[in-house]
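Q: Could you walk me through this structure slowly, one part at a time?

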Amino acid sequence: MTRLAHERYCDEIAHQVGELRSVVTSGTDLSRAVPTTPDWSLEQLVRHLGGALRWVALMVRTGAERETPEEDVPGFGGPEARGAAAALDAWLAESGDLVVGALREAGPDARVWSWAGVGNAGFWARRMTHEVTVHRADATLAAGLPYDVAPEVAADAVDEWLEIVEWAQRTLPDDEVHGLRGPLRTIHLHATDTAPDGAAEWLIRLDEEGVSWSHGYEKATVALRGPLTWVLLAFYRRVPLDDPRIEVLGERAVLEHWLERATFG
């Protein structure tokens with residue numbers, strides 16, 4: 001699948017931040033634990049995400065040539081008051097405006113440091129789109145509210161994760177992903193609610209050379225099937241593999257091993 005346009009990523013960040021703000025102001029207890037990020041409460045999750053948005057906004061705006069320390073980011077930690085939904089909402093709104101404004105002004109080709117060796121603002125537009133998309137799922141599921149995501153965004157999030165896994169195995173010799181090497185096994189991801197054009201189907205190959213992948217269908221060692229939103233959330237370990245909205249066919253242990261080792265996100 002072709003990556004989304006830079007402006008589409010910017011629009012989606014703004015949309016996802018708006019959806020997350022609706023969780024913050026929904027009356028949900030901000031001290032509620034987030035099951036999918038068990039070290040955080042809902043408020044801690046929102047503060048983490050808002051700080052990340054401000055961090056990226058500053059680096060893009062200044063064309064940073066190296067990683068900017070968090071302590072140099074104005075407003076990184078969020079409002080002083082704890083448990084105050086209105087203050088947290090206002091801070092999150094400003095965080096979203098800052099990053100979207102910086103990304104729009106810079107354009108996709110502006111040079112800026114990144115941890116993945118793709119040194120441009122386009123990397124950060126895509127990365128923050130999916131950072132907000134998945135953490136919004138964390139918050140929404142914790143609050144017991146409905147969640148969905150546009151199909152093109154969900155599919156691109158799967159693509160991005162697979163690309164990051166490939167980058168990790170090329171670049172990080174001690175990464176968990178190297179534990180996936182071994183005899184040939186394949187994983188098929190299949191969205192059952194999208195057009196049958198192969199764009200929302202993935203074949204992941206695990207062998208002695210590591211991880212490779214492509215779009216399309218092929219009979220696999222194990223298959224993960226279901227609506228695209230829920231395939232995404234299972235693939236990001238946000239819902240369990242026994243969730244009734246998805247099904248696992250074949251050797252489930254292969255998929256479980258992948259989820260243990262491909263730990264980004």
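Q: Which residue is the bridge partner of Leu224 in strand 5?
A: The partner of Leu224 in strand 5 is Val248. Before we go on, please keep in mind that this is a predicted model, in which local features need pLDDT of at least 70 and side-chain atom pairs count only at pLDDT 80 or more, while totals for chains, interfaces and linings use all residues. Residues are numbered from 1 along each chain as its sequence is written, and side-chain values use heavy atoms, with hydrogens and water left out.

Q: OK, and how many bridges join strand 4 to strand 5, and do they run parallel or antiparallel?
A: Four bridges join strand 4 to strand 5, and the two run antiparallel. Strands here are DSSP runs of E with at least two residues, helices are runs of H or I with at least four, and both are numbered from the N terminus; two strands pair if DSSP finds at least two bridges between them.

Q: What about strand 1 and strand 4, how do they run?
A: Strand 1 (residues 185-191) and strand 4 run parallel, and five bridges join them. Along this pairing, Ala191 stands opposite Gly226 in strand 4.

Q: How many residues of strand 4 are buried?
A: Four of the five residues in strand 4 are buried, so the strand is mostly covered, where buried means under 20% relative accessible area, exposed means over 50% and partly exposed lies in between (1.4 Å probe, protein chains only).

Q: Which side chain does Glu247 meet in a salt bridge?
A: Glu247 meets Arg225, at 3.0 Å from N to O, a salt bridge being a side-chain nitrogen of Lys or Arg within 4 Å of a carboxyl oxygen of Asp or Glu. Because Glu247 lies in strand 5 (residues 247-250) and Arg225 in strand 4 (residues 222-226), the pair ties together parts that are 22 residues apart in sequence. Glu247 is partly exposed, at 36% relative accessible area, and Arg225 is also partly exposed, at 25%.

Q: How many salt bridges does the count come to?
A: By that rule the count comes to 18 salt bridges. One of them joins Arg127 to Glu160, with the closest N and O atoms 2.8 Å apart. This pair links distant parts of the chain, since Arg127 is in helix 4 (residues 121-143) and Glu160 is in helix 5 (residues 151-171), 33 residues apart.

Q: Are Arg127 and Glu160 buried or exposed?
A: Arg127 is buried, with a relative accessible area of 4%, and Glu160 is buried as well, at 3%.

Q: Changing topic, at roughly what angle do the axes of helix 1 and helix 2 cross?
A: The axes of helix 1 (residues 6-24) and helix 2 (residues 42-62) cross at roughly 155° and come within 11 Å; the axes are lines fitted to C-alpha atoms, for helices over the stretch in contact, and angles run from 0 to 180 degrees between N-to-C directions. Helix 1 and helix 2 are therefore roughly antiparallel to each other, a label for angles over 145 degrees, whereas under 35 counts as roughly parallel, 65 to 115 as roughly perpendicular and the rest as oblique.

Q: Which residues meet there?
A: Val17, Leu20, Val23 and Val24 in helix 1 meet Leu42, Val46, Leu49 and Leu53 in helix 2, contact being heavy atoms within 4.5 Å.

Q: Last one: where is Thr229 found, and which residues does Thr229 touch?
A: Thr229 is found in helix 6 (residues 228-235) and counts as buried, at 10% relative accessibility. Not counting residues up to four places away in sequence, Thr229 touches Tyr147, Asp148 and Val149.
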